[in-house]
Amino acid sequence: MDIKHVAKATSRVLASYLTYQAVRTVAHQLRETNPGEAIWLHEFSSTGKIQDGETYLQELFQVKPEMAFRVMTVREHLAREVTDFLPEMVRDRIQQDNMELRRGYLERVTQLSIPDTPSDT
């Protein structure tokens with residue numbers, strides 16, 4: 001297992017997710033201040049390009065550079081805020097989920113099925 005490769009892939013996924021969250025934040029802000037721009041951003045983002053944050057931002061730069069800068073600024077802020085808590089939260093979440101999955105599995109495999117016995121009446 002190449003841990004560096006896994007870490008790189010994870011960071012790409014996290015960056016794309018933070019891009020998505022930044023777009024949601026900017027869209028929310030725009031709904032209050034400029035509803036027309038909010039609608040435009042929603043339509044631009046609904047094409048599925050947002051799955052890859054970098055590709056999304058490159059395409060946004062081609063159409064509306066000021067919007068791309070705004071999304072990048074919010075994404076950077078989110079990254080600073082989130083990454084402080086992330087390592088411990090991810091470890092705890094995975095440990096908790098694994099424990100619950102193991103418990104559920106053990107409960108299923110250890111359940112005794114007792115056949116129905118005719119009652120003495």
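Start with the lining of the largest pocket: by class, four residues are nonpolar, five polar and two charged. In this scheme, Ala, Val, Leu, Ile, Met, Phe, Trp, Tyr, Cys and Pro count as nonpolar, Asp, Glu, Lys and Arg as charged, and the others, Gly among them, as polar. The model is predicted: local features need pLDDT of at least 70 and side-chain atom pairs pLDDT 80 or more, while totals for chains, interfaces and linings use all residues. Numbering runs from 1 along each chain as its sequence is written, and side-chain values use heavy atoms, without hydrogens or water.

**Stop 1: the pocket**

Select Tyr20, Val23, Arg24, Thr25, Ala27, His28, Arg31, His42, Ser45, Ser46 and Ile50; these residues line the largest pocket. A pocket here is an open set of points on a 1 Å grid over the protein atoms alone, where a 1.4 Å probe fits, with protein on both sides within 12 Å along at least five of seven lines; lining residues have an atom within 4 Å of a point. Its volume is about 180 Å³, taken as the space filled by probe spheres set on the points, which are joined across faces, edges and corners.

Now colour by helix. α1 (3-33) and α2 (35-45) each supply at least two lining residues. The largest share, seven residues, comes from α1. Helices are DSSP runs (H or I, at least four residues), numbered from the N terminus.

**Stop 2: Glu37 and Lys64**

Next, show the charged side chains. There are six salt bridges, each a side-chain nitrogen of Lys or Arg within 4 Å of a carboxyl oxygen of Asp or Glu. Pick Glu37 and Lys64, whose side chains meet in one at 2.6 Å, N to O. Glu37 sits in α2 and Lys64 in the loop between α3 (53-63) and α4 (65-83), so the pair ties together parts 27 residues apart in sequence. Lys64 is buried, at 16% relative accessible area. Buried means under 20%, exposed over 50%, and partly exposed in between (1.4 Å probe, protein chains only).

**Stop 3: Glu54 and Arg75**

Move to Glu54 and Arg75. Their closest N and O atoms are 2.6 Å apart, in a salt bridge. Glu54 belongs to α3 and Arg75 to α4, so this pair ties together parts 21 residues apart in sequence. Glu54 is partly exposed, at 39%. Arg75 is buried, at 16%.

**Stop 4: Arg103 and Glu107**

Finish on α5 (residues 86-110), where Arg103 and Glu107 lie four residues apart, about one helical turn. Their side chains form a salt bridge at 3.6 Å, N to O. Arg103 is partly exposed, at 47%. Glu107 is partly exposed, at 44%.
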